[in-house]
Amino acid sequence: LVRRTLTGHLLLAAYLFLPAGSLKYWPGWGYLAVGLLSEFRSTIYFYKHDRQVLERRLLKKETISEQKLIHTLWKVLAALFLMLASADYRFGWSRGLLGPVPWWLTVLALLLVLGGYTWVFEVLKANRFAASVVQVEASQTVIDTGPYRFVRHPLYSGSLCIWLCSPLALGSFVVIPVSFLILPILAFRLLNEEKVLRRDLPGYVEY
């Protein structure tokens, strides 16, 4: 878990600061700090209270072919998105086209990203079966408490909030259209996951 966390955030730092060409890219530091602190909070909480949640979040290999493709597309888009945002800081595309992103808007977007991570944390507290891969376990039950009172897939709602707020959190206007490319990928994942849940999770259709 520690290795994966450190490796993931070192990779994130590379995506943010190498294309930026500078360590003075303060939105990048803010974005990195929000993600790292949120993950530490979640890790410490579940390490103390429910380690199986961490085990499920560490799963990486999808067993469904469609989900394997979605996972690959998601990773490629994330890398492209982050590198374009940091390159924008270096080459000034947003400044040249629309003017710089106001600092207060970047701070507000970072707070919304933090809110998205907090929402995801509450989802994991409500549903200990929320794995990082699409699967249904033998002992799994339908969850209708916490965030699941309001939306069937609150984990993706939180992820979507994080994703769509990230361009401004990284100080870029021009990558906003790129962030919306996640929508068809997310829809494809959801539709496929719905089929699995309806077929394999007792009570899901009624829910």
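Helices (H or I, at least four residues) are DSSP runs, numbered from the N terminus. The model is predicted, so local features need pLDDT of at least 70 and side-chain atom pairs count only at pLDDT 80 or more, while totals for chains, interfaces and linings use all residues. Residues are numbered from 1 along each chain as its sequence is written, and side-chain values use heavy atoms, with hydrogens and water left out.

**Confidence**

The chain has an average pLDDT (the predictor's confidence in each residue, from 0 to 100) of 91, and 100% of the residues score at least 70. Confidence is lowest in α3, with a mean of 87, and highest in α6, at 96.

**Pockets and cavity**

On a 1 Å grid over the protein atoms alone, a cavity is a set of points where a 1.4 Å probe fits but cannot get out, and a pocket is an open set with protein on both sides within 12 Å along at least five of seven lines; lining residues have an atom within 4 Å of a point. Grid points are joined across faces, edges and corners, and a volume is the space filled by probe spheres set on the points.

| Space | Volume |
|---|---|
| Largest pocket | about 2,100 Å³ |
| Second largest pocket | about 200 Å³ |
| Largest cavity | about 320 Å³ |

The largest pocket has a lining of 47 residues, and Arg4, Glu39, Arg57, Trp74 and Tyr117 lie nearest its centre. Two or more residues of this lining come from each of α1 (2-17), α2 (26-49), α3 (51-57), α4 (65-91), α6 (103-126) and α7. The element that gives the most is α1, with nine residues. By class, the lining of the largest pocket holds 26 nonpolar (Ala, Val, Leu, Ile, Met, Phe, Trp, Tyr, Cys and Pro), nine charged (Asp, Glu, Lys and Arg) and twelve polar residues (the others, Gly among them).

Around the second largest pocket there are 14 lining residues, with Tyr89, Arg95, Pro100, Val101 and Gly171 nearest its centre. Here α2, α4 and α5 (93-97) each give two or more residues, and the largest share, three residues, comes from α5. This lining divides into eight nonpolar, four polar and two charged residues.

The structure holds one cavity of 30 Å³ or more. It is lined by 23 residues, of which Asn127, Gln140, Tyr148, Glu193 and Leu197 are the closest to its centre. At least two lining residues come from each of α7 and α9. The classes in the lining of the largest cavity are 15 nonpolar, five polar and three charged.

**Helix packing**

Axes are lines fitted to C-alpha atoms, for helices over the stretch in contact, and angles run from 0 to 180 degrees between N-to-C directions. Helix α7 (residues 154-169) packs with helix α9 (residues 182-200) at an angle of about 175°, their axes being 12 Å apart. The pair is therefore roughly antiparallel (over 145 degrees). Contact means heavy atoms within 4.5 Å; Tyr156, Leu160 and Trp163 in α7 meet Ile182, Leu183, Leu186, Arg189, Leu190 and Glu193 in α9. Seven of the residues in this contact are nonpolar, none polar and two charged.

The axes of α1 and α4 cross at roughly 45° and come within 7 Å. In α1, Leu12, Tyr15 and Leu16 meet Ala79, Leu82, Met83 and Ser86 of α4. The contact of α1 with α4 has six nonpolar residues, one polar and no charged.

Methods
Angles under 35 degrees count as roughly parallel, over 145 as roughly antiparallel, 65 to 115 as roughly perpendicular and the rest as oblique.
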